[in-house]
Amino acid sequence: MMILEPTAEQRAFQQAADAFAREHVEPLAAQIDEHGAFPTDLVRAMGRIGLMGVTVPARWGGAGRDSVCYALAVEALARASATVGVIATVNNSLVAEPLAHFGSDEQRAAWLPRLATGEALGAFALSEEDAGTDAANQQTRATFDGQGYRINGRKVWVANAEVADLVVVFAATQPDIAGRGITAFLVPADSPGIVRRARYDSLGVRGLGCMDLEFADVRVDSSQVLGALGKGFHVARWALDGGRVAIGAQALGVGQAALDEAIAYAKHRTTFGQPIANYQAIQWMLADVATDLDAARMLVWKAACAKDTQERCSTEASMAKLAASEAAHRAADKAMQILASAGYRRGSKVERLFRDVRAAEIYQGTSEVQRMIIAASVLA
């Protein structure tokens with residue numbers, strides 16, 4: 001039998017995340033956006049209730065939940081604040097999950113309990129100026145010097161970098177064989193030689209702590225290799241599969257928040273003696289948005305299930321991210337149209353959502369990259 005609704009356990013976890021988001025995150029969302037300040041206290045609080053290590057096994061300090069629980073929780077967080085939703089996805093999907101999957105017992109013991117409980121925060125350093133969509137084109141080098149490795153290079157747009165304690169760094173250990181020669185390293189963010197460059201002031205998702213990281217002879221040893229030497233690109237792609245499911249969920253949260261605002265406004269805004277919700281033009285916009293979001297939600301849940309039952313879920317994850325990010329973009333656009341000048345003004349919630357949602361079609365692989373992955377699958 002096909003199940004199209006979350007289980008009671010999954011709903012309970014979603015409700016707990018939603019209650020936390022409404023009580024603690026939503027009241028601070030506008031302030032986070034206005035000042036662009038990283039919400040450290042919220043991150044610590046999320047860790048205390050299991051939202052920073054949702055799928056991490058309990059023996060390593062995590063909540064031990066499945067990926068559907070995780071997607072539901074991320075949507076709830078992002079419905080309150082897109083920024084907080086993304087912070088959680090980076091720590092969960094791009095750091096804690098690959099560490100749990102590929103790490104040694106020593107690496108897990110050293111980092112997972114801290115990451116999963118919010119005591120420490122993780123960042124994922126893959127992107128470079130010329131290695132975004134072409135992620136295999138890594139110019140950062142890790143050179144063996146007889147005792148360990150020295151990392152040199154620059155990473156860009158590293159979310160959480162402003163306050164991160166651990167950075168998963170991807171560097172070429174065999175630069176002559178491209179993607180096959182990349183290694184992932186677990187690098188403490190306070191290691192000598194790491195320089196954090198100025199925080200980006202972005203259009204939306206402000207307060208994400210995005211910075212460039214420069215590595216100048218940063219020393220690491222073999223115990224800091226995540227996975228195996230030369231297998232870092234596999235680690236990155238595996239992590240991004242999960243990350244794209246989570247970004248799909250994050251986009252849904254933003255899109256649902258936009259729909260909520262549009263519905264509330266349409267019910268109380270009157271023209272010609274009646275609420276604008278009575279007009280078919282408004283009703284059809286709301287109907288289209290609700291249908292778009294629900295269809296994308298099914299793809300996100302399907303991808304979350306695939307994450308737990310398949311070694312790779314690349315196609316499902318790309319479909320989920322593509323559908324959800326673009327549906328959420330349309331939702332914010334229609335909400336702006338329905339609110340008109342009330343939404344267009346600087347400082348309105350819909351104006352913030354409109355700015356926030358655009359990033360979901362860019363980070364962790366643009367919509368064009370998702371279409372490339374999907375096309376390769378259907379043509380195989």
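With 380 residues, the protein chain of this predicted model has a radius of gyration of 21 Å, which agrees with the value near 21 Å for a compact globule. The radius is taken over C-alpha atoms, and the globule rule is 2.2 Å times the number of residues to the power 0.38. Along the principal axes, the C-alpha atoms fill a box of roughly 80 × 50 × 40 Å.

Residues are numbered from 1 along each chain as its sequence is written. As the model is predicted, local features need pLDDT of at least 70 and side-chain atom pairs count only at pLDDT 80 or more, while totals for chains, interfaces and linings use all residues; side-chain values use heavy atoms, with hydrogens and water left out.

**Overall organisation**

The protein chain has 11 helices and 10 strands, assigned as DSSP runs numbered from the N terminus (helices H or I, at least four residues; strands E, at least two). Of its 380 residues, 55% count as buried; buried means under 20% relative accessible area, exposed over 50%, and partly exposed in between (1.4 Å probe, protein chains only). Contact means heavy atoms within 4.5 Å. Among contacts between residues at least 6 apart in sequence, 73% join residues at least 24 apart.

**Nonpolar cores**

A nonpolar core is a set of buried Ala, Val, Leu, Ile, Met, Phe, Trp, Tyr and Cys residues joined through side-chain atoms within 4.5 Å. The largest one holds 107 residues, of which Leu77, Phe124, Phe170, Val300 and Ile338 touch the most other members. Helix H6 (residues 232-268) gives the largest share of this core, 19 residues. Apart from it lies another core of 21 residues, among them Ala123, Ile151, Ala161 and Met211. Beyond four places in sequence, the contacts of Phe170 include Phe124, Ile182, Val235 and Ala236.

**Individual residues**

| Residue | Relative accessible area | Class |
|---|---|---|
| Asp241 | 3% | buried |
| Arg352 | 10% | buried |
| Ser127 | 30% | partly exposed |

The following contacts leave out residues up to four places away in sequence. Asp241, placed in helix H6, touches Arg312, Cys313, Ser314 and Ala317. Arg352 lies in helix H10 (residues 349-357) and touches Ala29, Ala30, Asp33 and Ala80. Between the C-alpha atoms of Arg352 and Ile182, 170 residues apart in sequence, the distance is 38 Å.

Ser127 occupies the loop between strand E1 (122-125) and strand E2 (141-144), where Ser127 is in contact with Gly132, Lys155 and Val156. Its C-alpha atom is separated by 40 Å from that of Trp284, 157 residues apart along the chain.

**Helix H2**

In helix H2 (residues 40-48), the buried residues are Leu42, Val43, Ala45, Met46 and Gly47. They pack against helix H1 (8-35), helix H3 (67-80), helix H4 (82-102) and helix H5 (105-116).
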